[in-house]
Structures are given as structure tokens and as C-alpha cells.
Amino acid sequence: LEGFFVEEANSFSKEAMDIADLVKYFGGGTVDEAKRIDVLQLKYSPTKEKEGLTASDLSKTLQKFVQIKKDLKKRLGEERAAEVTFFEFVSNRPIGKNLEKAIVALRTGQPAQGHIGTQAETLKTSIGLKDGHLKSFLERLSITGAGSSLPNLISDVHRTIANWRGTSDLVARLGLRDICDLVRRKAGVLEAFNNIINDIDILGKLGVDDPNDIYPVPQSF
């Protein structure tokens, strides 16, 4: 948690507010201070969880990722923006094989044909960048798909919190509830101008005074 900042994304640009569900700042609490900035779009589908993602599913998100990239370039300069900015599309759906191969082809400059070629063309059209700029963007784009179901994700977080402090599952559930309440409040209207969540906020909700109280966790049954 140390040096890690999370922000609901309506503070550094209109474009970011339109698209980003979350912006993660590493090493500083603002765009200008951060050593790395991760812009995330989260897509959870309760009805298509087994259908593979395609390039068209990413199209609108990619267009706005590129706009955010241009925004940050104007603010930070081309070199620094290229150095610190990363993008991530997160979904509970699996990544389609043709989409995955199309991204690899564009990153490496290999020819793509058939359904893979169609996916590659959709990606290029959506991103709107060429040659080295396209490759650079794709190298800083990650797609996370087919993770756990929502109940399994919640269970994983419960276990993590319980392991941090060697506490019972009940205490872990209460800690997670408090963190969820914090995130909802920060993402709402009342906290619109104070929406950064930092390590101190999280530790406070877990009732931890010092990170050293978390690690190392003693072994227990």
C-alpha cells in the first residue's frame, strides 16, 4: 500500500472522467507527482461472462484511452506522458483468441489474416494511431479477462484482509464493508473535490495504525 494512490477519475480531465472507472497513482497523489499512472476501465457482464471479448467490445474504450493519452501529453509533455501512462481494460469475460492474436500481430508488426486480420483492422481504426505510435500504445495496454466470478473475488478479498491481520472472517468482512463504503462515498457527489483514496485511508478502515502491524503475519491455523 505504501506510495500507492487511487483516484476516481474526474479530477484531471473531462476525457478521463468520461471513460475511466479508476485511476491509480504510484508514488504521488497527483498527475504531476506520480511516477506511474494507470487508467482503468472496468466492464462486468452478468449475461456474457463466457463469451470472448472482441475488438469491437473494446472500441469505444480504446478511443477514449487515446484521448486521455493526448490529454496527458499536453499536460506532461510527450516524453514523460509516454513514460508514466498505462491503460488497462478489465472484464470478467475471457479474452477472445482472435483478439489476443490480433494484438500480438500489431505489436510485432506481423501480418494478420482472416478473422485475426479483421480484429486487427478494428483495433487500428479504434485507436487511430499509426506505426510506432500504435505499437507504443499497445505495449502499454493490458487486457485482464476471465477472472473470478464476483462472489469469488469478494471471497478472495476477505481472505487477504484476514491474512493481513490474522483476524477472523467476520472481522475481515467488516473491514471490506468499511472500505466499500469509503469507495462509494469518494466516488459520489459529496466527495467530488476530495476523491483520492490513499494508503492511510485504507489502513484506517482496517483499524491498522502502522503498516508494520500487518507484515510479517504470524502463522496461525
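In this predicted model, Asp213 is located in the segment that follows helix α9 (199–205). With a relative accessibility of 53%, Asp213 is classed as exposed, because the threshold for that class is over 50%. Although Asp213 and Trp164 are separated by 49 residues in sequence, their C-alpha atoms lie 8.8 Å apart in space.

Asn195 occupies the loop between α8 (169–186) and β6 (196–197). The relative accessibility of Asn195 is 4%, and this residue therefore counts as buried, the limit being under 20%. A distance of 10.0 Å separates the C-alpha atoms of Asn195 and Arg184, which are eleven residues apart along the chain.

The protein as a whole contains nine helices and six strands. Buried residues make up 36% of its 221 residues. Among contacts with a separation of 6 or more, 61% are formed by residues 24 or more positions apart. The accessible surface amounts to about 13,300 Å², and carbon and sulfur atoms contribute 53% of that area.

The packing of two helices was examined in detail. Helix α4 (residues 97–108) and helix α5 (residues 114–127) pack with their axes 8 Å apart and at an angle of about 65°. The crossing of these two helices, α4 and α5, is right-handed. On the α4 side, the contact is made by Asn98, Leu99, Lys101, Ala102, Ile103 and Leu106. The residues of α5 that they meet are His115, Ile116, Gln119, Ala120, Leu123 and Lys124. Classified by residue type, the contact of α4 with α5 comprises seven nonpolar, three polar and two charged residues.

Leu99 and Leu123, which take part in this helix contact, also belong to the largest nonpolar core, a set of 33 residues. Within that core, the members touching the most others are Ile37, Leu62, Leu99, Leu123, Ile127 and Phe137. Helix α2 (residues 55–76) supplies the largest share of the core, namely eight residues. When residues up to four places away in sequence are not counted, Leu123 touches Ala55, Leu62, Leu99, Ala102, Ile103 and Leu106.

How values were computed
Residues numbered from 1 in each chain as written. Predicted model: local features only at pLDDT ≥ 70, side-chain atom pairs only at ≥ 80, totals over all residues. Heavy atoms only, no water. Helix = DSSP H or I, 4+ residues; strand = E, 2+ residues; numbered from the N terminus. Buried < 20%, exposed > 50% of the residue type's maximum accessible area, 1.4 Å probe, protein only. Contact = heavy atoms within 4.5 Å. Areas by Shrake-Rupley, 256 points an atom, 1.4 Å probe, with all protein chains shown as cover. Axes fitted to C-alpha atoms, helices over the stretch in contact; angles between N-to-C directions. Left-handed = near helix turned anticlockwise from the far one by under 90°. Nonpolar A, V, L, I, M, F, W, Y, C, P; charged D, E, K, R; others polar. Core = buried A, V, L, I, M, F, W, Y, C linked by side-chain atoms within 4.5 Å.
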